[in-house]
Protein chains: 2
Amino acid sequence: MLNYTLRQLEYFVAAADRGSVARAAERLNVSQPSVSNAIAKLEDQLGVQLFIRQHAQGVSLTPTGRRLHMEARDLLRHAEDLFDSAHSANSAITGELSLGCFVTLGPLFMPALVTLFTQHHPAVTIRLREAIQDDLINGLVNGEFDLALLYDLNLPDAVESKPLARFAPYILLPEAHRLSGAGDISLTDIADEPFVLLDVPPSRGYFLGLFEAAGLQPNVIFSSPSLEMVRGLVGQSVGYSLLVTRPRGDLTYDGLRLVTRPLSEATQESTVCMARLAKSRPTRLMDAFDNFCQTWFSEHYGDG
Amino acid sequence: MLNYTLRQLEYFVAAADRGSVARAAERLNVSQPSVSNAIAKLEDQLGVQLFIRQHAQGVSLTPTGRRLHMEARDLLRHAEDLFDSAHSANSAITGELSLGCFVTLGPLFMPALVTLFTQHHPAVTIRLREAIQDDLINGLVNGEFDLALLYDLNLPDAVESKPLARFAPYILLPEAHRLSGAGDISLTDIADEPFVLLDVPPSRGYFLGLFEAAGLQPNVIFSSPSLEMVRGLVGQSVGYSLLVTRPRGDLTYDGLRLVTRPLSEATQESTVCMARLAKSRPTRLMDAFDNFCQTWFSEHYGDG
DNA sequence: ATCCTGGATAGTATATTCCTATTCAATGTA
DNA sequence: TACATTGAATAGGAATATACTATCCAGGAT
């Protein structure tokens with residue numbers, strides 16, 4: 001248990017720098033006895049003599065004091081660094097941002113967001129991890145993530161979220177599918193066909209809920225937690241799929257062409273949002289990224 | 001002006017290490033509210049949130065807190081290093097000893113003293129500087145030296161000295177001098193001959209004082225602040241000299257042989273002593289060197 | 001001798017830190 | 001659903017540390 005204080009060190013260094021207790025006190029805007037006292041205590045607690053008191057002409061360092069003077073200056077610098085680093089986490093847009101992201105949203109949005117943001121704020125490093133909803137929420141709650149990009153589904157009260165964009169679900173078909181030329185497609189039209197389910201919470205429940213709401217039972221022939229696996233299977237005409245996340249390209253990894261069609265049913269849209277721990281105080285960096293995402297999404301997905 | 005304390009940092013780190021305020025308190029032998037309070041203040045003063053309070057299961061770090069945890073541990077280690085370094089200046093025989101030494105005494109005693117002492121205490125480094133009496137005293141007073149080896153002449157009250165050995169003055173003659181075969185020599189026998197004076201304070205005054213006490217006036221033909229210069233001149237038969245410091249060899253630098261003869265007058269002996277600043281508190285290293293010199297001198301020059 | 005400079009000390013008010021006791025929110029369990 | 005348990009936060013009060021003003025004291029300067 002350390003028994004001396006940074007304050008004592010500050011006063012000691014100030015006095016050593018100026019060779020005078022009174023001058024140090026003046027500089028520090030405290031009274032002369034305060035400095036005198038602090039130094040006396042420090043000498044006592046460290047068990048060494050730091051100064052030789054030269055009556056009427058200030059103080060001069062003992063050899064031991066001279067060595068300690070250097071070390072104390074170092075330590076104070078170190079302490080200020082820590083303070084700055086803590087403080088700048090809150091006052092400047094620098095430092096590290098720990099970000100979580102729902103798996104399917106990751107490759108679609110994060111490359112652009114991260115690249116643009118760090119272009120505006122080069123002093124920022126972003127640590128990104130993809131995870132499923134539950135892990136994202138846990139990550140927020142236990143402090144693994146500062147922020148998380150996820151769907152506004154089943155969020156507990158502990159996390160607070162701001163919507164960024166809304167996305168309507170759509171039907172994904174192989175190019176050769178009989179309905180690939182249709183305008184929009186009703187769930188009833190297709191419910192009997194083999195369905196490839198994107199099986200990752202909370203999406204799974206959301207998709208199945210859409211069928212349920214229409215009084216239908218999907219014919220799940222395959223399920224995978226990987227979006228690209230689902231697209232690949234649809235490309236191979238294993239079945240159709242129902243998705244929200246919409247990659248720009250229409251090719252699967254193995255080069256087959258896909259077609260998307262809107263649902264004719266008026267369905268509940270999915271909301272992508274930025275979440276953070278409700279009770280935690282956001283850093284300025286967090287706010288900055290939050291705002292940045294807000295504008296980026298409104299520019300690119302302004303009307304849902 | 002730093003507004004957080006090492007104590008706060010200690011409590012914070014302890015709590016972060018254990019993921020629990022209560023456990024930290026237990027470990028630190030303080031009450032739980034003390035730790036809680038310290039952390040709350042630290043968060044306030046640094047302006048960041050360090051912990052997420054997980055009700056009924058301790059606390060977990062925010063990403064910012066995690067970064068600060070590392071830095072705080074570093075800083076505490078640094079602070080302990082400083083404490084150790086200060087403390088060990090007083091509790092272990094390590095560190096640096098700043099030593100002053102009267103010019104003529106240097107080559108005679110210091111090589112052996114320094115070598116032997118650092119053999120016993122390998123962790124010690126000795127910084128040695130030779131100077132004349134006034135500079136030694138100033139050096140002690142203004143903190144340049146921890147200790148000084150010098151003659152017990154004209155010492156102000158500010159420095160405290162312990163005698164190490166007494167040396168009687170002697171006459172130095174060239175080998176070919178008419179009195180080189182004599183048993184002892186009176187100042188009266190030789191006062192008219194040319195005298196080579198070792199001209200360095202306080203020796204100068206001491207030597208001249210010896211003549212004065214005998215009611216004699218020396219015939220100073222040459223004076224030099226260098227002992228070897230004086231010996232060389234005497235070797236060349238420029239004159240005789242009166243000295244206290246007694247090198248072992250009887251050859252000058254240029255290879256001429258010298259002879260020493262005791263004074264027949266009962267004279268005041270010169271005392272070599274170890275001096276330090278009276279009001280300063282000695283470190284253990286200083287004490288150790290002091291004692292070491294005490295025994296070394298009593299072994300080698302036990303009877304004066 | 002006398003004044004001036006500059007650190008130490010005395011006495012006191014205020015802030016901080018600590019303690020114990022209690023409260024409060026969340027968890028896990030009958 | 002109630003109830004004990006866990007673990008942090010808060011309240012209130014005692015002890016400690018830190019700050020201040022006023023004064024003292026030793027050593028240089030005049």
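Which atom of Ser31(B) lies 2.7 Å from a phosphate oxygen of DNA strand C? It is a backbone N or O atom of Ser31(B), and the pair is a polar contact, that is, a pair of N or O atoms within 3.5 Å; within protein, one must be able to donate a hydrogen and the other to accept it, and residues adjacent in sequence count only if both atoms are side-chain atoms. The elements that give two or more residues to the surface near DNA strand C are helix H2 (21–28) and helix H3 (32–46) of chain A, and helix H1 (6–18) and helix H3 (32–46) of chain B. Helices (H or I, at least four residues) and strands (E, at least two) are DSSP runs, numbered from the N terminus.

This is a predicted model, in which local features need pLDDT of at least 70 and side-chain atom pairs count only at pLDDT 80 or more, while totals for chains, interfaces and linings use all residues. Residues are numbered from 1 along each chain as its sequence is written, chains are lettered from A and ligands numbered from 1 in the order in which they are written, and side-chain values use heavy atoms, with hydrogens and water left out.

Around DNA strand C there are 21 residues, and the closest are Ala22(A), Ser36(A), Arg53(A), Ser31(B) and Ser34(B). A residue is near a strand if one of its heavy atoms lies within 4 Å of it. Tyr11(B) uses a polar side-chain atom, 3.1 Å from a phosphate oxygen. Of the atoms of DNA strand C within 4 Å of the protein, 73% belong to sugar or phosphate and the rest to bases.

DNA strand D has 20 residues around it, with Ser31(A), Ser34(A), Ala22(B), Ser36(B) and Arg53(B) nearest. A polar backbone atom of Val21(B) is 2.8 Å from a phosphate oxygen of DNA strand D, and a polar side-chain atom of Ser36(B) is 2.6 Å from a phosphate oxygen. Gln32(B) instead has a polar side-chain atom 3.0 Å from a base nitrogen of DNA strand D.

The two protein chains can be compared directly. Chain B can be laid on chain A with an RMSD of 0.2 Å by a turn of 180 degrees and a shift of 0.1 Å along the axis, superposed by least squares on the C-alpha atoms of residues with pLDDT of at least 70 in both. The two copies are therefore related as by a two-fold rotation axis.
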